[in-house]
Amino acid sequence: MKRTFSFGLCREPSVIVAGTAFIAATYGLVRLAYGLFLPDIQADLALDSARAGYISSGSSLVYCLAPLCGFRYGRRNPQVLIVVATATAAGGVWGMAAAGDLLTFGLFAVISSAGAGLASPAMVSVVRRNIAANRVDRAQSMVNSGTGPGLVAAGALALAFLPEWRLTWAIIGVVTAVIAVALLITDRPGSAAQDEQSHTLSVGWIRRHGTALTIAVLLGGASSAMWTYGRAILVDTGGSSQRGTIIAWIMIGIGGAAVALTATPLARWSATSAWTLSCGTMTVGVLLVAAAPGQMAVTLVGCLFFGWGFTSATSALIAWTSTIDAARSAAGTALLFIALMFGQAVGATALGAIITGAGYGLAFVVAAVLSSASIAVSALDRTGRRVPADGADHSGEPGHEPSAGPAPAERVAGDIEARQCG
């Protein structure tokens, strides 16, 4: 027993590092780097803005559909999701690198986005079955912060290799595949007693996610201002060079990576409190970029705030669904990330129309309002409910009243650990 416990403790850091790197690859290097490399791709393939938008919309749609697999396979066999996520992400970018025409490029660009949609629910289950219960929430936040290092790596590759975007995509595919192999090696199927259970998801379970779904959509709409138009506002209104916009992108990544440093203290907060701090920070970041796009120092601070706020908010969503029902947190994560991407898709279109008619300033203010609205919604509804990890969904049944929440992450972890010990 002692040797098994010691081995588990030694393996935990490896799982966290490999998981963080996998999120960095599928999100920061594959999915989000499309916008970073787009100007050079457009010049090489004669890709106009309209068609680039169609590809982006298709990628968003695939990203929304991919996490649906998490409902079925996330809790039972996350390694299947990891393999498929790697095949779509690495295969997608290799196809983009080899594409000789727009149709082929667009097809592989859309396919590559599925990797990120599959990665999140897979990692939720991998963390839960490899990490001790009292450390799950902190580990989950650290893994989820991998988007930040991925953005930094993408920026570094852009500085080193652009305009050779084909070579860059090829390197990214190799890195993604190597990381996936390392993750599969560190994961130990069935090694922990906290694998997710296979109860059928009910209407009541979805209903208890109502507040989380709402704020996820609002977060998506607000964040689309930076993810879609962040570089454009710097170039069009701030006069920043391409190198300057890449550095700003790297600052977003540094902010996202910093979430790993704040994961421990933030794990002691309730999901609603963590959400308030995260979205408040992101709101300030969006407003700073909009207020002074020509002032590089202010812009970099704004990008730093946005990167930390957005990444921390996505971690708060994972904590929120874990608080509602820890046993089905992979399915909950998939559900909330679908809502997040839906918000980004709608937000990108709506804010684009505002930019066309009234300029960047108003669009970014609207984004800040959406982010603030998500804080108000989370503060008004503190009745998120948690179902015991080892129980079925009894919502609405007499004698099975759910407990109030969201509860602090440490208390949830403690409850799970106590049930296991008992």
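In this predicted model, D187 has a relative accessibility of 3% and therefore counts as buried, the limit for that class being under 20%. The side chain of D187 meets that of R129 in a salt bridge, with a distance of 2.6 Å from N to O. This pair links distant parts of the chain, since R129 belongs to helix α7 whereas D187 lies in the loop between α10 and α11, 58 residues apart. R129 is likewise buried, with a relative accessible area of 5%.

The structure holds three salt bridges. Another of them joins the side chains of E12 and R135, at 2.9 Å from N to O; here E12 is found in helix α1 and R135 in the loop between α7 and α8, and the two are 123 residues apart. E12 is buried, with a relative accessible area of 8%. A further salt bridge is formed by D44 and R166, whose closest N and O atoms are 3.5 Å apart. Because D44 lies in helix α2 and R166 in helix α10, this pair ties together parts that are 122 residues apart in sequence. D44 is partly exposed at 44% relative accessibility, and R166 is also partly exposed, with a relative accessible area of 26%.

The protein chain as a whole comprises 19 helices and zero strands, and buried residues make up 55% of its 422 residues. Among contacts between residues at least 6 apart in sequence, 85% join residues that are at least 24 apart.

Helix α6, which spans residues 102-112, has as its buried residues F105, G106, A109, V110 and S112. Viewed down the axis of α6, these buried residues fall within an arc of 160°, so they line one face of the helix. An α-helix has 3.6 residues a turn, so residues three or four places apart point the same way. The face of α6 turned away from the buried side carries the exposed residues L103 and L107. At the start of α6, a side-chain oxygen of D101 comes to within 3.1 Å of the backbone nitrogen of L103.

In helix α17, T333 is buried, with a relative accessibility of 1%. Apart from neighbours within four places in sequence, T333 is in contact with S120, V124, I318 and T321.

L362, which is found in α18, is partly exposed, with a relative accessible area of 44%. The accessible surface of the protein chain comes to about 16200 Å², of which 67% belongs to carbon and sulfur atoms.

Definitions and conventions
Residues are numbered from 1 along each chain as its sequence is written. This is a predicted model: local features need pLDDT of at least 70, side-chain atom pairs count only at pLDDT 80 or more; totals for chains, interfaces and linings use all residues. Side-chain values use heavy atoms; hydrogens and water are left out. Buried means under 20% relative accessible area, exposed over 50%, partly exposed in between (1.4 Å probe, protein chains only). Helices (H or I, at least four residues) and strands (E, at least two) are DSSP runs, numbered from the N terminus. The arc is that of the directions from the helix axis to the C-beta atoms. A polar contact is a pair of N or O atoms within 3.5 Å; within protein, one must be able to donate a hydrogen and the other to accept it, and residues adjacent in sequence count only if both atoms are side-chain atoms. Contact means heavy atoms within 4.5 Å. Accessible areas come from the Shrake-Rupley method with a 1.4 Å probe; for residues, only the protein chains shown count as cover. A salt bridge is a side-chain nitrogen of Lys or Arg within 4 Å of a carboxyl oxygen of Asp or Glu.
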